[in-house]
Amino acid sequence: MSPQWIAVIGTSALVFGLKYLGHSVPERFLQNARITHINALVPIVLLSALVAIQTLTDKTKLVIDHRAAGVAVALIALKLKAPFPVVVISAAATSALLFHFA
Amino acid sequence: MAPLPARLRQNVGVSVKQDSLSVSLTVGAYGSAFGAASVAAHFSVLQTCLLSLLTFSGASQFAVIGVLGGGGSAISGIATATLLGTRNALYGVQMAPRLKIRGWRRIVGAQITIDESTGVALSQSDEKSAQEGFWFTGFGVFIFWNIFTVLGALGAQAIGNPSAWGLDAAVPAAFLGLVWPRLKTKSHWVIAATAIILALSLAPFAPAGVPIIATTILAVVFGWRA
């Protein structure tokens, strides 16, 4: 079997296993007040980190490029209470324009 | 939570579907980048499509083709992808009590437990909208991600560089839109800022994905004291 096939099968099996495991942890695990607090903060830290990493890094380098401008426009759109599609499309349009003309 | 008037409730439903659709299209379209990158990394079109169907976790998929494409072993590719996949287990823990599913539904639900389905679900204010957000976004991203993977794999040049379409900014903008409504108190903002600083400080040194996962430590530290 080629390394590619081993990678496809191994990755798929393990990543699904992790997803299923998460769904199968006993519910009492979550009824602790401390766990609930931590759980509520998890999406805040992960989503914030995803925004930063996907905006400001290129592989392992920190960069400021067209994406940062796009996300800055998204930030302004959110401050102005724009609906979600407007936020996303304004970011994409800004970034694409800068990519082509800057 | 007090029951909402019917008209308001309807609007809530519409906005969940709208959120789901915009996230699905935006993220799904990025599948073309994966399809193209995977074929460029010497995976066959069939292997590329199977990764999108079976692994169905963008970061893990990019990791595995990146490692093997860069000359890494199958084992190190699998390890990196799995490390990135631990995020999904965490999402499953959060989604399970909200979805309350068993048997084959749990298998399907687990497979579509990704950043976007969990993000949309968790940004809803009531359980029904959370469930709708999860299923609509999960299936939506799954459908578009797989369609665009095929397109990207078959015609690597057809859609071309995702930067040219602004897709590389649209994805973080979508994440920003998802975290925004969750930042309700000053301490939430402090925690978000700390997470950004930690992730960016780790990025130059840690393997891809680790700077993101590492921020869960902050959730534990801040949540412990709360």
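Buried area is the accessible area, taken with a 1.4 Å probe, that two parts lose on being put together, summed over both. The exercises below apply to a predicted model.

**Exercise 1.** Describe the interface between chain B and chain A by its contacts, its buried area and its count of salt bridges.

*Solution.* Begin with the residues: 86 residues of chain B are in contact with 65 residues of chain A. Finally, the count of salt bridges between chain B and chain A is 0.

**Exercise 2.** Work out how helix 3 of chain A packs on helix 10 of chain B.

*Solution.* The axes of helix 3 (residues 66–79) of chain A and helix 10 (residues 167–179) of chain B lie 9 Å apart, at an angle of about 35°, and the crossing is right-handed. On the side of chain A, the residues include Gly70(A), Val71(A), Ala74(A) and Leu78(A), which meet residues of helix 10 of chain B, among them Ala169(B), Pro172(B), Ala173(B) and Leu176(B).

**Exercise 3.** Determine the relative direction of helix 7 and helix 8 of chain B.

*Solution.* The axes of helix 7 (residues 115–122) and helix 8 (residues 127–154) of chain B come within 7 Å and cross at roughly 155°. Angles over 145 degrees count as roughly antiparallel, and the two helices of chain B are therefore roughly antiparallel to each other. The contact involves, among others, Val120(B) and Ala121(B) of helix 7 and Phe134(B) and Val141(B) of helix 8, and by class it has 5 nonpolar, 5 polar and 1 charged residues.

Notes. Residues are numbered from 1 along each chain as its sequence is written. Chains are lettered from A and ligands numbered from 1 in the order in which they are written. This is a predicted model: local features need pLDDT of at least 70, side-chain atom pairs count only at pLDDT 80 or more; totals for chains, interfaces and linings use all residues. Side-chain values use heavy atoms; hydrogens and water are left out. Axes are lines fitted to C-alpha atoms, for helices over the stretch in contact, and angles run from 0 to 180 degrees between N-to-C directions. Helices (H or I, at least four residues) and strands (E, at least two) are DSSP runs, numbered from the N terminus. Angles under 35 degrees count as roughly parallel, over 145 as roughly antiparallel, 65 to 115 as roughly perpendicular and the rest as oblique. Contact means heavy atoms within 4.5 Å. Ala, Val, Leu, Ile, Met, Phe, Trp, Tyr, Cys and Pro count as nonpolar, Asp, Glu, Lys and Arg as charged, and the others, Gly among them, as polar. A salt bridge is a side-chain nitrogen of Lys or Arg within 4 Å of a carboxyl oxygen of Asp or Glu. A crossing is left-handed if the near helix is turned anticlockwise from the far one by less than a right angle, and right-handed if clockwise.
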